[in-house]
Protein chains: 2
Amino acid sequence: MGVELVDAYSVGPVPNGGYQVALSCRAALATLGVPDVLSVSSYFLAPALCGPGELHVEPVKRGRSTALASVRLVQEGRERIRSLVLAGDLSAHRGPELHRTEPPELPPPERCLHMTPSQGAPRLMGEVELRLEPAAAAFLRGEKGADPELRGWMRFADGRPTDALALTFFADVLPPTTFNTYGMTGWVPTLELTTQLRRRPAPGWIRIRMSTRHVSAGHLEEDGELWDEAGQLVAISRQRAVMLPGGPSGG
Amino acid sequence: MGVELVDAYSVGPVPNGGYQVALSCRAALATLGVPDVLSVSSYFLAPALCGPGELHVEPVKRGRSTALASVRLVQEGRERIRSLVLAGDLSAHRGPELHRTEPPELPPPERCLHMTPSQGAPRLMGEVELRLEPAAAAFLRGEKGADPELRGWMRFADGRPTDALALTFFADVLPPTTFNTYGMTGWVPTLELTTQLRRRPAPGWIRIRMSTRHVSAGHLEEDGELWDEAGQLVAISRQRAVMLPGGPSGG
């Protein structure tokens, strides 16, 4: 099916990766006829382009409780991202609850740092209202050597609610955690990203904690935890990224 | 290409999921002509069978530094597992090192609990020598209510070295972390599993820590950290599993 990648969700010239994931998931759900993404794993093959593309959805399995699709985003004849989307019905899940970490304790949004395009943040930040916890955002003060961890509040800038699908986008919106440790140099492209949806979010802000435990020869994971305003865990995410000098290229 | 799933790597009647992943990765590497898996994401569609199958490898990208393949394991006309395999050369990676967690401090292997098939452990445990830290393995004492976390040592029982490919298997060998918390009831199938390889392991034991932070209506992640005997992080893994009553079914 045809899709248009609008330039409002871009970082420099490239549409945000999470935005590409969310578009892929929406196409998968429409084809499968199932309400929710449970897990999505996306592998980034080449930088996407702002403009038209095609989403090719292959239904792989239609089971009793879950369905799986493989989704390819193709632009100008080249595949940009390949995703596996496991879908189901989050509202039908029954079983134990256990949470060993709490949502991050943050100052209220109005006391956090609001990153906007007019202050030099990526254009994407005009669509998503991101408010970073000042204490954790060392890179915004030009510091290095801090922990590779960021925390903050997120919501859509136009006030529309964050649905479960949007969490697959929000999981890839924060700046790289490595900016805090190594400074804002080079770029840190995502090689692959998996997001697990756990619950449809309550209305309001999403709180997010993004942290890195292991950088191995420049390859690192970024682990996200996303909580809704009711204090419920709504998603976790993990991506593999790599620290590179310079800017986007065809890899 | 044809593949034989031997019954030595099974849990009950079903070949271990990590074993299926490793077979899929081996086929991808052979087709792509690239030495190492960097990341692999696998989605489990139906329980695999001991016996013959076919691995269908679709090369998706052959880039300068990475390559991607999609791999399907088909048995008796039914797809069992779909994987995306990102491959490259781990020995060529250059960049910063940072590790915010240490390898688990464990008693020496001979003072840990050796799970063997003759004591009722799955047949798989005849191929992999797994020695669980006694303090963390509450479920083996019939206890419940402990943290959903397991730690231990692993290596091949026949003494062959653990190569990087084998880590994609080792990441799925431990019993479910939830056994410690909820007891050894029901089954906890893996819906999807991603493993990130970071470094080729040094010879010797692999130390592993597997932990769960969030159980959401019975859906949970199991996060693995794998370290080699030199104390280097060699892989991290995350799977989504679900707690179900009863035994394996077609889902």
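User: Where in chain B is B:Glu133 found?

Analyst: B:Glu133 is found in the loop between β10 and β11 of chain B. Strands here are DSSP runs of E of at least two residues, numbered from the N terminus. This is a predicted model, in which local features need pLDDT of at least 70 and side-chain atom pairs count only at pLDDT 80 or more, while totals for chains, interfaces and linings use all residues. Residues are numbered from 1 along each chain as its sequence is written, chains are lettered from A and ligands numbered from 1 in the order in which they are written, and side-chain values use heavy atoms, with hydrogens and water left out.

User: Buried or exposed, that B:Glu133?

Analyst: B:Glu133 counts as buried, at 9% relative accessibility. Buried means under 20% relative accessible area, exposed over 50% and partly exposed in between, with a 1.4 Å probe and protein chains only.

User: And which residues is B:Glu133 in contact with?

Analyst: Leaving aside neighbours within four places in sequence, B:Glu133 is in contact with B:Glu105, B:Leu106, B:Pro107, B:Cys112, B:Arg151 and B:Gly152. Contact means heavy atoms within 4.5 Å.

User: Another loop residue, then: where is B:Leu124, and what does B:Leu124 touch?

Analyst: B:Leu124 is in the loop between β9 (113-115) and β10 (128-132) of chain B. It is buried, with a relative accessible area of 1%. Not counting residues up to four places away in sequence, B:Leu124 touches B:Ala8, B:Tyr9, B:Ser10, B:Val11, B:Asn16, B:Phe169 and B:Val173.

User: Switching to strands. How many residues of β13 in chain B are buried?

Analyst: Six of the six residues of strand β13 (residues 206-211) of chain B are buried. B:Ile206, B:Ile208 and B:Met210 point one way from β13(B), and B:Arg207, B:Arg209 and B:Ser211 point the other way.

User: Why the two directions?

Analyst: In a regular strand the side chains alternate between the two faces of the sheet.

User: Which strands do bridges join to β13(B)?

Analyst: Strand β11 (residues 149-156) of chain B is joined to β13(B) by six bridges, running antiparallel, and B:Leu150 stands opposite B:Met210. Strand β15 (residues 219-227) of chain B is joined to β13(B) by five bridges, also antiparallel; there, B:Leu226 is the bridge partner of B:Ile208. Two strands pair if DSSP finds at least two bridges between them.

User: What about bridges across the two chains? Which strands do they join?

Analyst: Strand β8 (residues 98-99) of chain A and strand β14 (residues 214-216) of chain B are joined by two bridges and run antiparallel. A:His99 stands opposite B:His214 in β14(B).

User: How much area do chain A and chain B bury between them?

Analyst: They bury about 5,400 Å², 50% of it on carbon and sulfur atoms. Buried area is the accessible area (1.4 Å probe) that two parts lose on being put together, summed over both. A:Tyr43, A:Arg100 and A:His214 supply 14% of the area that chain A buries against chain B, more than any other three residues. In contact are 64 residues of chain A and 64 residues of chain B.

User: How many salt bridges between chain A and chain B?

Analyst: The count is 12 salt bridges, each a side-chain nitrogen of Lys or Arg within 4 Å of a carboxyl oxygen of Asp or Glu. One of them links A:Glu225 and B:Arg213, whose closest N and O atoms are 3.9 Å apart.

Methods:
Helices (H or I, at least four residues) and strands (E, at least two) are DSSP runs, numbered from the N terminus.
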